[in-house]
Amino acid sequence: MRTVATALAVLFSSTALAAGTVGPAAADSSTALSISSYGDIAVDGVHKRVYISDPAGNKVVVTDYAGKLVATVPDLSGVRDLAITPDSRTVYAAVPGEDAVVAIETSTSTTAARYSTGENTDPQTLAVAGGRVWFMYGQQPSHHLGSFDPAQSTPEMVLDQLPDLGFYDAPELESAGSTLVIGIHGTWSGLAVYDVSSGTPVLRKQGMPAEAANYMNDFALSADAKQIVAASGESPYAATAINTDDLSRTGGYPVEAGNPNSAAIAPDGTIALSTFSWYDKDIFIFKPGAKTPYRTYTYDLNTSGGDTIAGQGLTWAPDGSKLFAIASGNSGTYLRVLDNATRYPVKASVSAPAKATRGKKLSATGKLTSDKSFPSGSTVTITRTDIDSPKGKSLGTRTVSSSGTFSFTDVPPAGGNVTYTAQYGGDATHAPASGKDTVAVSRTATSLTLNHNGSLYSYGTDVSFTAHLGSTYKNRTVELWVNPFGSDKPNKLVKTGKVSSKGNLSTTVDMTRDTTVTAVFAGDARSASKTVKATAYAKVKVSTSVSKQYKTAKIGSTSYAYFHKKTNPVFTTTMTYYKNRSHRLNLEIYYQGKWYDAGSQYFKLGTNGKSVVTLTGTHDTGYRMRMRASYINGSSGDNVNSTTYGAWKYFYFTK
């Protein structure tokens, strides 16, 4: 049983509404529910709470209007239907596993009372009408109607108030005021309307239009009890509008992609229908008597975990401000909250020039678009957002023409990206909307420099990088970022501050790798932003030692390591370590006054930064030789340092 809403539709004025965003579902939300099955839904408009029964979980979960869980009412065996009193003080729950109706107090979302309906009564569906709680009880294939007055200190349980209604599924109950409607679902569907003001059901009309008599899945009763909308098998796919007095067909609401499986009527008469469709439209919103929906909602497969609307899974907030839908999919069950569903969607657009000059007038236009015309005198509020007004500055309101157009002019005081937003607050029949456009407003070019670009340094040199900022309007703050080469060293903001009186801001970098330093000036209202980079380069540390020689002596002014020709020299290289780094060894031979290349080879460094290489083979005597270790950017396995050549090590073979 869904919420019994008040008979008076709530009127909204544009001045009472906050501006929304573009489109028909701008503030809509979807939140996962902690339930394993779905029974029914009821809405408490006073405390802004949503009650959802979980028969398999033996509980009722309570959420706020955004779907956030606020309470759980446990120990309700097989809980099914829910009904809320017109004053929103109590939610009644049919609990067949306890043969009881349970009252939940909405101020605390806790169980307030349990009313036994009698052994093996198995109550399934219920409604609140004429001051009494009515419930359908019994087991397949027999069902009966019972009721009680919760205002009595010890309520008398009155059973068998109607003849056995038969059928395998418990009939659905809907109510408004003192009108109670019983609906039979299934292949042969039917409706019966009763006046229960005396506490005894008095039949007013029984029957069903032929168009709705086939497989009715759900029905809704209007707040004034004058209209019924049956989600049934009318062909082609449509719900049936039915006059409550004589149960005659008054019209239909065509939908797509299948028979409607849920129906709900808002206080102002707006009709919401859903169909069980995997890939087509899911929810359709109609104004009373309309043949075409003015809003539709489509939920794609696996979007937020839910893409189909549950049977009997729609209900309105008592004031009509929100439509709630239970949606299910591969990832679970979700509560979808649809805002402003009773009002026509509005699209707002703004068209401003792409570029403009600061301090000079610009002109812009805009338009509101909707399927329903706007009231005379409708206005939009224009807001300018820029560097000086990041939270926005109102430029006042502009009147919307009968065709929905409006225009405005402005003299932008600040440069940069300037956004103009038009906000429509909505009215009794239109949802809020907003549109915007951004203008690139000119600013004076800024001078910003950074030293040491392209410089090469020995490993570990401390280098002071200095950014110099030229004249600006107001902002004198610069950021300095340091990004050493290599994926293991992220770009890092190392300094933010105002430049000195000379316009300088410096940071010191320990040059252990090639490094890019970036200076960033964010700009201000009249000075353009500016970013400059300087990349400086760092060598590696490299040294090579020679061992196994029998002596060291000079040839000319150069020291040589002397080896017997049967001794293999050992060259130990020490180099700055980096993952997967190798070094290159080059061998040269001196002949007739010149050094000649005798070959080269790469050797991998150990994690300790060392490599030990033995020169084997037949060693010719009488030749001067030399060996050096080098790091070659790119060829040594990485590119985080600049190419570095080590010192030559000279050696000589004798007999």
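Reader: Is R513 buried or exposed?

Author: Buried means under 20% relative accessible area, exposed over 50%, partly exposed in between (1.4 Å probe, protein chains only). R513 is buried, at 11%. This is a predicted model: local features need pLDDT of at least 70, side-chain atom pairs count only at pLDDT 80 or more, and totals for chains, interfaces and linings use all residues. Residues are numbered from 1 along each chain as its sequence is written, and side-chain values use heavy atoms, with hydrogens and water left out.

Reader: Where is R513 placed?

Author: Strands (E, at least two residues) and helices (H or I, at least four) are DSSP runs, numbered from the N terminus. R513 sits in the loop between β41 (504–511) and β42 (515–521).

Reader: Which residues is R513 in contact with, leaving aside neighbours within four places in sequence?

Author: Contact means heavy atoms within 4.5 Å. The partners of R513 include P484, F485, G486, D488 and K489. Y578, V640 and N641 are also among them. The R513 side chain reaches the backbone oxygen of F485 at 2.9 Å. For Y459, 54 residues apart along the chain, the C-alpha separation from R513 is 7.6 Å.

Reader: Which residues of the largest nonpolar core touch the most other members?

Author: A nonpolar core is a set of buried Ala, Val, Leu, Ile, Met, Phe, Trp, Tyr and Cys residues joined through side-chain atoms within 4.5 Å. The largest one has 22 residues. L368, V380, I382, F406, F408, Y420 and V439 touch the most other members. Strands supplying at least two residues each include β30 (362–369), β31 (379–385) and β34 (416–424). β34 gives the largest share, four residues. Apart from this core lies another, of 21 residues, including V478, V499, V517 and F521.

Reader: How many bridges join β25 to β26?

Author: Five, and the two strands run antiparallel. I309 has A327 as its bridge partner in β26. W316 has L323. The hairpin of β25 and β26 has five residues between the strands, and G320 takes a positive phi near 75 degrees.

Reader: Why is β25 largely enclosed by the rest of the structure?

Author: Seven of its nine residues are buried, so β25 is largely enclosed.

Note on methods
A polar contact is a pair of N or O atoms within 3.5 Å; within protein, one must be able to donate a hydrogen and the other to accept it, and residues adjacent in sequence count only if both atoms are side-chain atoms. Two strands pair if DSSP finds at least two bridges between them.
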